[in-house]
Amino acid sequence: MLLASTFINNLISFFTIILSSSNCFSEISKILIKFIEYYQSKGGGSEIFFVDCNFKPTCSEYAILCLQKYSLFSALKLILVRLRKCNKRDFTEICNDDLK
């Protein structure tokens, strides 16, 4: 129990330091983009989740575009809305869902 409490306190301290930084959101966006690029390099959804993408651009490409164009919170909102649509597996054709 003490170990979990220490871990949580350290985690809170870590995020407090990161979020107090002036460029923290752009840095977090860069980290998220690197993570998404790593996910893409491993094959993305078709290799990891065994599903084909229903959208063009793919959800991971869309996420990168959002993170590059919008603030972190706006981008995350758009990404989550897109991912909710992505779970519909009955699509028979690819939908065009460009970033506005």
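Visitor: Which residues is Leu-67 in contact with, leaving aside its neighbours within four places in sequence?
Guide: This is a predicted model, where local features need pLDDT of at least 70, side-chain atom pairs count only at pLDDT 80 or more, and totals for chains, interfaces and linings use all residues. Residues are numbered from 1 along each chain as its sequence is written, and side-chain values use heavy atoms, with hydrogens and water left out. Contact means heavy atoms within 4.5 Å. On that basis, the partners of Leu-67 are Ser-29, Leu-32, Ile-33, Ile-36, Leu-72, Ala-75 and Ile-79.

Visitor: Is Leu-67 buried or exposed?
Guide: Buried means under 20% relative accessible area, exposed over 50%, and partly exposed in between (1.4 Å probe, protein chains only). Leu-67 has 6% relative accessibility, so the residue counts as buried.

Visitor: At what angle do the axes of α4 and α5 cross?
Guide: Helices here are DSSP runs (H or I, at least four residues), numbered from the N terminus. Axes are lines fitted to C-alpha atoms over the stretch in contact, and angles run from 0 to 180 degrees between N-to-C directions. The axes of α4 and α5 (residues 72-86) come within 8 Å, and they cross at roughly 165°.

Visitor: How many residues in the contact of α4 with α5 are charged?
Guide: In α4, Cys-59, Tyr-62, Ala-63, Cys-66 and Leu-67 meet α5 residues including Leu-72, Arg-82 and Cys-86. Ala, Val, Leu, Ile, Met, Phe, Trp, Tyr, Cys and Pro count as nonpolar, Asp, Glu, Lys and Arg as charged, and the others, Gly among them, as polar. The contact divides into 11 nonpolar, no polar and, as for charged residues, one.

Conventions. Helices (H or I, at least four residues) and strands (E, at least two) are DSSP runs, numbered from the N terminus.
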